[in-house]
Amino acid sequence: MQVMEAEATTVPALNAASRVLQRLTQAVRAQVIGRDDVIDLTVIALMADGHVLLEDFPGSGKTTLAKALGEAIVDDQAPDSSEHTVPIAAFRRIQFTPDLLPSDVTGSPVFDTNSNSFHFRHGPIFAHVVLADEINRTSPKVQSAMLEAMGEKQVTVDNITYPLDPLFFVIATQNPLDLVGTYPLPTPQLDRFLFKITMSHIDRDAELAVLDTWQQRREPGADRIRVGRNEIINARRDIDQHVYIADAIKSTLVDISRALRADERVLQGNSTRSLVLILPALQVLAALRGRNYVNADDLEMLLPHVLAHRVELAPGVADFNRVLRDCMREPLEQLARSTLKAHYPSAG
Amino acid sequence: MIEKIPENSGSARAARPRAPQSVIRASILAIACWVLSTPLTTVAGSAAALSGCLMACLWLDRLHAQARLFRLRTPLIVLSLVIVLALGAAVANWLTSSSAFAQTLGAMVSYQLGQMLFWLLLAAGIGLTLRLLARRHSWGSIPELLFVASAFVITLAAHQRGMIDRPYFIGDFALIRGIDPSSILMAIGVIAVLALAVLLMMENNHKRLPYHFSVLAVLCFSLLAYVQFFGMPTPSLTDDLGLTGQAAAGGGSQSDNPFRDGENDASDREAPVAIVLFRDDYEPDSGAYYFRESAYSQFNGTLLWTAEDDSLDQDLVSEFPSSPIEVTEQIPARDQRRSVTTTIGLLTPHRSPFGLDAPVRFERAPNPNSLRFRQTYTVESLVPEFEFPDLIGRQAGSPDWTVAQWTEYLEMPDDPRYGEFGRELIANLRPEFADDPYAKALAVKDWLDTNGIYSLANEHAYATDPAASFLFGDMTGYCIHFAYAATYLYRSLGIPARVGVGYSVPSANRAGGSALLIQAVHGHAWPEIYLQDLGWVIVDPTPSQTLVDMSTDPQDSLQQMLADMLRDDAAFEAFLQDQAGDSRWSLENLIRAIVTLAIALLIAAFLIRVYRAQIPTLGSAQQQYRLQYRAALDTLAAFGIVRRHGESREAFARRLTALPAFTELTGQHLRGAPGYGLAPAGAWQATGSGADEKQVWQQLRTELQRELATSQPPWRRALAMVHPAPWLASR
């Protein structure tokens, strides 16, 4: 009978969450054309409390995407909230260059002659959506400051810790080809990103549509869809509570990563943290698809994006998707057969 | 004319094949060439065929990519090969027929050279053409396959037609163990085909591979089916057996000169010709069994030939008996003869039946194995038991003969040398034997024994009178020369004589058994004289000097085997039974068991299918999600629609766009599955009572059936209806 009660409350809560997701997606889609898959993944990452690494070429719309996402979120906190002394910006962009310093990102204490004391000036990282452009061009020192902020949701300057907004979301980019003078992110740092999304050029129709509509999209319209910050936080909570992940799905996840680690084409398999991180993402995807349980489709859709940058392949092996496909086959087969076995409910 | 090989020949084919692959392929083709050539040429010729094909294949594989010669078009190369082959054949023919070569090198050497040249070129041409086609065309391996297969089939078929034990090493081995050598040859053919299949597998072109394999399979199965339904093909390759000095008796189409019987080829001399079963014990005093098939007794102006006058040679029978035949001529001296009955099975075709010494009665005998024996008959012979004193003091000829008969038996070439030489030979006889025909004949035989030289070389064939050329020339020849020379000498001395033709087998060959194997090497011609009251008496010169080794290994086990086969007695049946093993494991029983098992399995499969389709209506509400989905999967599997390995149920449902009902059904299943769609077990209650649940499921399945009916063609639906075990495929 507990189940029936759960069912009764599940539906309205999830409906609200799902509506939030839809609106967020629509808001971004209105600004970015031909990148529906990337938008979905980005929104999923946002809702799942993860960060995204985009690999693409200059001018492919990543700033537009980040900006659209940032602008779609409005701060609907009560103004008297004591949580923040400074209002948090919706969107900030940091261009990473070799001479950038950590304080340029986090902010730094400034001496105030009026009060004769140091006083912390917030850096650009204090925003809902941060676009870290060309993150591999800056020194490891800055990278690690950025990554600490991403992992811990806080910034420590002069031994004082400043918390970031719970919604803090980073879209980092790097150019996959132009590698001269860069500091490539090592695998453990890549592990902090939920997804690494490799984008390709958009198709012909989408490109035409971009040219046709660029003027309209430039002007800020009053009819823009906006989503409140609290709505997102609540949706996150609802999805986490009400979307069911079956044990079979979890064991499939573990089996797949075990198979990957055992595969001779793989030098280093994925971390356990990656499995922890993927669970909320799976829940969000299920909710986005109007389901209150995670199924095999969700797994198949997200695993390549979650695992591609976490797995180090043996020399000479290039196609990760193929390796993953091979490693997924057997666990997925087990999963597909699992429901055909007789399963008798315990008495009562 | 130089042109590039077309682009589509592909890099895989242009590349040089790896060495072991090339060697294996070349060896298989070369062995096929060798097998094909063995019945048609001499040992040297088939060796030349083997090496020619091997070299040609290896050379082509090695040089095809580089040599400028191979940039020509295929038809041009093949055409030039044909021209070279024709030239080679002409040269080979000239080598064989040219007298200049034969005189300098010897007839045999030039003949062998010609054969070697011809077969070397032929095999090399075949090898080159086949490899060239295989390298250049996608269908090129098919002629290769066909060639190898047909080489073995032809040999096999030739074998079936009486060539009982060749190649000897295979045949003897098999026959002794009670295996039909044809199955051995079949096995060799199968091994060759398998070897080719291995080659195909080594080939990297996966587009061609299935194609070639299907051709190979079709070839094998059609061959099997052909043999099964029509029996073995029977080519006419075996009439020419090259019996030593005796070919005229074997084949009917020979020239009417017994000296021109072609080359004496020693390679075939062990070939079995007939098997003789003795029903009565008999050991000849002369040390050899003589089987007379015919005789040359009438002088036709140039030499002695088969009598056309019916009054002559009435002791001979010219046809195989369909009903019992009695010999018309009365055999004299019956009291000094003994009746011996023999059964003879002929393994090669013969013009007339033959029998031991003086046959009196021929009768057909049941043929126990018509594939093996060409003819089987029983002969009753009256074998002589006279001693030397009986022969001395007899008159020559028969008083019953007419003048014409006398004349015919004394007719001879108009050459005074015979008479002079004959009188010279008997001049030294003691006075009491000076007029005795048998003593005269012995004197002649004795002189020939001492001074004649036995040789297989046929140097006198084209002389007007080969016997004179032999006798007054080098004294070198084989049995037919000795027989004619002796006969002419006997006749010149007034003794009626003729040349008997048939087989002479050393009595030691019987090896104490009751059977005697006649081999090609035993073919013989001998002179015989007619003595009053005794009949035809063989006075056979046996030259003490010989240039060739005509001895053969006694083939006791083959002799025993063939005799058992001809006897067709219980022991042989038992032997075969024993070889075949336990009768419970016979082929019929095995097939019956397999068929029964298959039917039982089919019925069981159908029962399971029906059970799995019907059980959801009886199953509990908790199990509906599982049983109904399984039944739907079975329905799809009957149409061949199956979830792929590793494909999720959701992806499977998405794949079947033509069946939206199945997508719904899958959703229903997944939602209802405890531990997957909804939180812990018992979730089934959420969608209402069990009866409603069942109804929903039934509706979905009916809908699925309807969608299948509209989206699938009728034949597919019919197949799905009769599919016995879709549940094996569904998952």
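**Helix H12 of chain A**

Let me start with helix H12 of chain A, residues 320–338: its 19 residues reach 27 Å from first C-alpha to last, close to the 27 Å expected at 1.5 Å a residue. The expected span is 1.5 Å times one less than the number of residues. Helices here are DSSP runs of H or I with at least four residues, strands are runs of E with at least two, and both are numbered from the N terminus.

Some bookkeeping. This is a predicted model, in which local features need pLDDT of at least 70 and side-chain atom pairs count only at pLDDT 80 or more, while totals for chains, interfaces and linings use all residues. Residues are numbered from 1 along each chain as its sequence is written, and chains are lettered from A and ligands numbered from 1 in the order in which they are written.

Back to H12(A). Where does H12(A) have its kink? At Arg329(A), shortly before the proline Pro331(A), with an angle of about 35 degrees. The bend at a residue is the angle between axes fitted to the seven residues ending there and the seven starting there.

Pro331(A) is also among the buried residues of H12(A), which include Val323(A), Leu324(A), Cys327(A) and Met328(A). Buried means 20 or more other C-beta atoms within 10 Å of the residue's own, exposed means 12 or fewer, and partly exposed is in between, with C-beta atoms placed from the backbone. The buried residues of H12(A) pack against helices H9 and H11 and strands S12 and S13 of chain A, together with helix H22 (649–655) of chain B.

**Chain A: the rest**

Chain A comes to 12 helices and 13 strands. Of its 348 residues, 39% are buried. Taking contacts in chain A between residues at least 6 apart in sequence, 79% join residues at least 24 apart; a contact means C-beta atoms, placed from the backbone, within 7 Å.

Helix H2 of chain A, residues 36–47, has 12 residues and spans 16 Å, close to the 16 Å expected. Nine of those 12 are buried, so H2(A) is largely enclosed by the rest of the structure. Val38(A), Ile39(A) and Leu41(A) are among them. Just after H2(A), Asp49(A) takes a positive phi of about 65 degrees.

Helix H3 of chain A, residues 62–72, is likewise largely enclosed, because eight of its 11 residues are buried. The buried set includes two lysines, Lys62(A) and Lys67(A).

**Positive phi**

Most residues other than glycine have a negative phi. Asn159(A) has a positive one, about 65 degrees. Asn159(A) lies in the loop between strands S7 and S8 of chain A and counts as exposed, because it has 5 C-beta neighbours inside 10 Å. In chain B, Met475(B) has a positive phi of about 60 degrees. Met475(B) sits in the loop between helix H16 and strand S10 and is partly exposed, with 17 other C-beta atoms within 10 Å.

**A helix pair in chain B**

Last, helices H4 (74–97) and H6 (107–136) of chain B pack at about 170 degrees, with axes 8 Å apart. That makes H4(B) roughly antiparallel to H6(B). The contact residues divide into 17 nonpolar, eight polar and one charged. Axes are lines fitted to C-alpha atoms, for helices over the stretch in contact, and angles run from 0 to 180 degrees between N-to-C directions; over 145 counts as roughly antiparallel. Nonpolar covers Ala, Val, Leu, Ile, Met, Phe, Trp, Tyr, Cys and Pro, charged covers Asp, Glu, Lys and Arg, and the others, Gly among them, are polar.

Note on methods:
Contact = placed C-beta atoms within 7 Å. Parallel < 35°, antiparallel > 145°, perpendicular 65-115°, else oblique.
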